[in-house]
Amino acid sequence: MTKLRIYIFAFIVLIFSFSEAMANNPDGGYDVNTRCREAWILLMDMDIDGARDLLAQEINENPKNYYAYYLDQTCEAYAMFINSDPDDYERFLDNFEDRRDIMDGHDENSPYYLACYSEMLIQAGLFNILEGDQFSGLRKMYSAYKKVYQNLDKYPDFSMSRKLDGFFNVAIGNLPPFVKSAASVFGVTGDIDGGFKILNENYEDQKDIPGINSEAALFVILTAKINKTPERVYPFVHSLDSSIASTYIHQYFRANVAYRTGHNEEALAVIDQMDTEKNEYTILTSDYLTGKVLMRKLDSNAVFYLNHYLVNHKKEEYYKEIQYYIALYHLFNDDKAAYANHADLVMENGKEMQERDREALYDVSLDYPPSVPLIKAKLLLAGGYIDNANDQLNLVDTSQVIFNGQKIEYILLKAGIAGAQDSTDNAISLYQQVLKLGEDEDYYLASEAALRLGQIYARKGMNEKASYYFKKCIKLYNSDYYEYIEDNARKGLQNM
């Protein structure tokens, strides 16, 4: 299992750990009382410190309410994911052991016992992996997986475990085939469609329950994120009741979904509504997203947010991605020396665990020099600024382009613009040119062109041609390329 896939598998479970059942357990030690519910609501609004203050009061007054310990770790884990360093990691693991010492063996007949235990294991396992202790991390996650299904055998309708069941199905379904095959030997299997069905049913069952509905909706959104199908939840995020949509975390992900589906102006409008200065967590998350959204608009203010993020962020994740954007800012301002310096930082520093970081590393490692019009057109096209992207390509004198990579990228971008303008026949012709020119070159360009052709023919209902191009995409794919290319081609084949 590659580091990145392990990270993806673990990361989404962490984010999905906003779990709660629909009713309290008054006879045992897991009491989802009013104070715990209020803590959930604060957490969903990214007031992590406020949520933990409430939980500290609960633990002080009701030290045998084991649900409060689980929820406190969830708050700590979410804070850790946003911003942490190795000292925070060691403290988190110590706290995990202390909490389990308190909780282990108590009220084992409660459906909450194994459900809370499994999520706490997943959280600890994630941070094991992020800090390099993969063996310990995977062992914890496998243990968590078994506990989820052990609990479902006892309590098949228990909401907290059903949500993890839905998640596990989608997450495992997104692992590479050879990893899924190896995992199946241990009884670990996944069903993407089945997982989505479970999570959507869970949301429908709880959408009228204040607080719980926000968390159930978050499951749906983040499952689509791990599945690399943000377009799947674009209508969903706009259908949510205002009591859900107004929380910080749902505003953030509504902007994120808009950003990832080419609705850049909408993403900016949502960010403008957010209380981004609420605390350190909202500042960091909004700096990160705002900087990226502004880059797609070629807005020079992006560098302010990106630099502010780097100054205040303790973690190494996303370092390469942000440094790459800052490098592009300098390139756009004709400061090639500053571009080279920041490109070197991308090469030399940070981690390669996050997909965005790996993409940045790929981009600065290309064997042809960066072309400002091509990079600007790529950013604008991704943001939905189709006419502006075309204007950038019109600045390119193709007779003066001497690098094959740049020639092929120019045609790929032309094809993307044609597709966005519903000029399907023109897009097909251009993508086929990319394949002809690029299939013997070691770039992502031909592999992506094959993916786009497969998607076009799939939409037309021409499954034989779609299958041909999806398979060609996978054959041309190299593990150093953008991962969404192979992932989407495999999903396309599965849907044939």
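Analyst: Happy to! Let's start with burial: a residue counts as buried when its relative accessible area is under 20%. Y112 has a relative accessibility of 1%, so it is buried. Keep in mind that this is a predicted model.

User: Where does Y112 sit, and how far is Y30 from Y112 in space?

Analyst: Y112 belongs to helix 6.

User: Which residues touch the most other members of the largest nonpolar core?

Analyst: Those are Y67, Y70 and L328, in a core of 163 residues. Helix 6 (residues 111-130) contributes the most to this core, with 14 residues.

User: Now for charges. How should I read a salt bridge?

Analyst: Side chains of opposite charge can pair when their charged atoms come close. This structure has 26 salt bridges. In one of them, R91 meets D88 at 2.4 Å, N to O. The two are three residues apart in helix 5, so about one helical turn separates them. R91 is partly exposed at 43%, whereas D88 is buried at 13%.

User: What does the salt bridge between E439 and K472 tie together?

Analyst: E439 and K472 meet at 3.1 Å, N to O. E439 is in the loop between helix 24 and helix 25, and K472 is in helix 26, so the pair links parts 33 residues apart in sequence.

User: And which residues gather in the patch of negative charge on the surface?

Analyst: Among them are D94, E97, D98 and E316. E97 lies in helix 5 (residues 86-103) and, at 43% relative accessibility, is partly exposed.

Notes:
Residues numbered from 1 in each chain as written. Predicted model: local features only at pLDDT ≥ 70, side-chain atom pairs only at ≥ 80, totals over all residues. Heavy atoms only, no water. Patch = residues over 30% accessible without salt bridge, like charges linked within 9 Å, V, L, I, M, F, W, Y side chains within 5 Å. Areas by Shrake-Rupley, 256 points an atom, 1.4 Å probe, with all protein chains shown as cover. Salt bridge = Lys/Arg side-chain N within 4 Å of Asp/Glu carboxyl O. Lys, Arg positive; Asp, Glu negative; His and termini not counted. Charge placed at Lys NZ, Arg CZ, Asp CG, Glu CD. Helix = DSSP H or I, 4+ residues; strand = E, 2+ residues; numbered from the N terminus. Buried < 20%, exposed > 50% of the residue type's maximum accessible area, 1.4 Å probe, protein only. Core = buried A, V, L, I, M, F, W, Y, C linked by side-chain atoms within 4.5 Å.
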